[in-house]
Amino acid sequence: MFLGGSRVEAEAIEKELLEDYKFGRQQLIEIWGHASAMAVTKVFPLPSLPRKQPTVLVVCGPDQNGAIGLVCARHLRVFEYEPTIFYPKRSLNSLYRDFTTQCEKMDIPFLSYLPTEVQLINDAYNVVIDAILGADAEPGEVKEPYTSILATLKQIRIPIVSLDVPSGWDVETGNSEGISPDVLVSLAAPKQCATRFLGRHHILAGRFLPYDVQKKFELNLPEYPGTECVVSL
Amino acid sequence: MSGLRALLGLGLLVSSGSRLAAAGGGRCPVQRVSPAGAWGAGRGRSGSAMQNPGRSGVTHLSQEEAQAIDQELFTEYKFSVDQLMELAGLSCATAIAKAYPPSSFTKSPPTVLIVCGPGNNGGDGLVCARHLKMFGYEPSVHYPKRPGKALFEGLTTQCQKMDIPFLSEFPSEAVLIDELYGLVVDAIFGFSFKGAVREPFGSILRTLEQVTVPIASIDIPSGWDVEKGSPDGLQPDMLISLTAPKKAAQHFAGRYHFLGGRFVPMALQQKYSLNLPPYPETDCVLQLP
């Protein structure tokens, strides 16, 4: 079992990647989004989906986690899934705006509201991707519309895949009142709250962390098989 | 009618129809509706008019078409160079890993020389080098002419910080390269290449032509005319065509031709009648016959 990192560590790793290694933020988001999509396909391969159409609902928050969700949705579209995005509060960050355009231009629909009738979601989609809040969010700060969205997601019966941190969870201590995702996709390295994850699949995604960074933060990551960018934990 | 069809296409309605009233009483929840054709067209990739189909029926692009597609990806689709370069470089590394797995090298560790040119092809090479390192190869990079742009400086730093050595000099003789490396990646010139080859790349290419270890070229064998090829030029063992093959690929005589850069939106594929075969599952590369 891997000892996940704290918010401070997650921020420090990202800072090092951006400032020392000179990764670009868009580049990282592309890597994470692509790897997230690969993780989704690993757990829910196309032929395994119960519905006739391979529909996936991707719920995106306003910050980086949401942008990762947008990239994930785009790659799922390339992989012939049928994603639909719910992105109620679009980031003003110009870096993230282009991710939205890319999805729109690939004919990925954007819902203007999320049905509160849970059965509608259960019936329409196979899986929900939770890309609302990431490691940089503080649970006490969850505001509308996300509190209502999370309340809805708590009740759905189809699987939830959370990207990096189950939204609404404290990145270190989790949240016993929060959503219970079926799948957790840890980006680069697991966060501490992953120890509280009780779902079926914990996948590590994003095979790009330089070895020196892994050593410095004592990440103890498993080996990725072959040329895969995801590995089950 | 089209509104109903759009909702069905989105999966927001169950076909039983009883949910229609519950879906907001006629108020369409969708902000932007895709033309039904985008999904209704089905999953097949049948192109309409095929221009210059190659051996496999895939369209081979002219230089102008390749440039137009590139432009459209950036200006219409708002992709950034960073994003596409990352995906392109990953494709190259993945294709190389498929054709030349580390276990196939006679040398241990599996050393690879990546020669990067002054433009985007060189950038693809830098990304490729980084992923090859993650895949267990031992890449070295020669990058004699570096554009002073943040993108390339960033990619260079990423490689250097991962202990990928940058050669200050190109090995003067082909036999040296054969001795030290199990594979060479040619990331010198891409589809924008025109005209004469400037130094130091002229000398580099002349040396590479004498090398006996396999050469994998990114997008276009460097030095080749992008449409006509070059019978006297580099003869790589592998070609990784990015997005779609260019006309020069029709003259490629090596063992492995891969397609990479799995990011071209379907609408763009249809617009240019690319006639790409389907990629297997979630692979980012596809071997062409």
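Start with chain B, whose secondary structure comes to 9 helices and 9 strands; helices (H or I, at least four residues) and strands (E, at least two) are DSSP runs numbered from the N terminus. This is a predicted model, in which local features need pLDDT of at least 70 and side-chain atom pairs count only at pLDDT 80 or more, while totals for chains, interfaces and linings use all residues. Residues are numbered from 1 along each chain as its sequence is written, chains are lettered from A and ligands numbered from 1 in the order in which they are written, and side-chain values use heavy atoms, with hydrogens and water left out.

Colour chain B by burial. Of its 289 residues, 56% are buried, where buried means under 20% relative accessible area, exposed over 50% and partly exposed in between (1.4 Å probe, protein chains only). Among the contacts in chain B with a separation of 6 or more, 69% are between residues 24 or more positions apart; contact means heavy atoms within 4.5 Å.

A pair of aromatic rings is described by the distance of the centres and the angle of the planes. Rings of Phe, Tyr and Trp (its six-membered ring) pair if their centres lie within 6.5 Å; planes under 30 degrees apart count as stacked, over 60 as edge-to-face and the rest as tilted. B:F189 and B:F193 are stacked, at 4.6 Å centre to centre with 20 degrees between the planes. Both of these residues are buried. B:F189 also pairs with B:F201: the centres are 5.6 Å apart and the planes at 70 degrees, so this pair is edge-to-face. B:F189 lies in the loop between β5 (183-187) and α8 (201-208) of chain B and B:F201 in helix α8, so the pair ties together parts that are 12 residues apart in sequence. The relative accessible area is 10% for B:F189 and 4% for B:F201.

Stay in the loop between β5 and α8 of chain B and pick B:G190. B:G190 counts as buried at 15% relative accessibility. Leaving aside residues up to four places away in sequence, B:G190 touches B:N121, B:I220 and B:V226. Draw a distance from its C-alpha atom to that of B:L242: the separation is 9.7 Å, for residues 52 apart along the chain.

Move to chain A and show helices α1 (residues 7-19) and α2 (residues 25-43). Their axes come within 10 Å and cross at roughly 120 degrees. Axes are lines fitted to C-alpha atoms, for helices over the stretch in contact, and angles run from 0 to 180 degrees between N-to-C directions. The two helices are therefore oblique to each other; angles under 35 degrees count as roughly parallel, over 145 as roughly antiparallel, 65 to 115 as roughly perpendicular and the rest as oblique. On the α1(A) side the contact is made by A:E14, A:L17 and A:L18, and on the α2(A) side by A:R25, A:L28 and A:W32. A:W32 also belongs to an aromatic cluster with A:F23 and A:F208.

Finally, show helices α3 (residues 64-78) and α4 (residues 94-105) of chain A, which pack at about 25 degrees with their axes 9 Å apart. They are therefore roughly parallel to each other. Select A:Q64, A:A67, A:L70, A:V71 and A:R74 in α3(A); they meet A:Y96, A:F99, A:T100, A:Q102 and A:C103 in α4(A).
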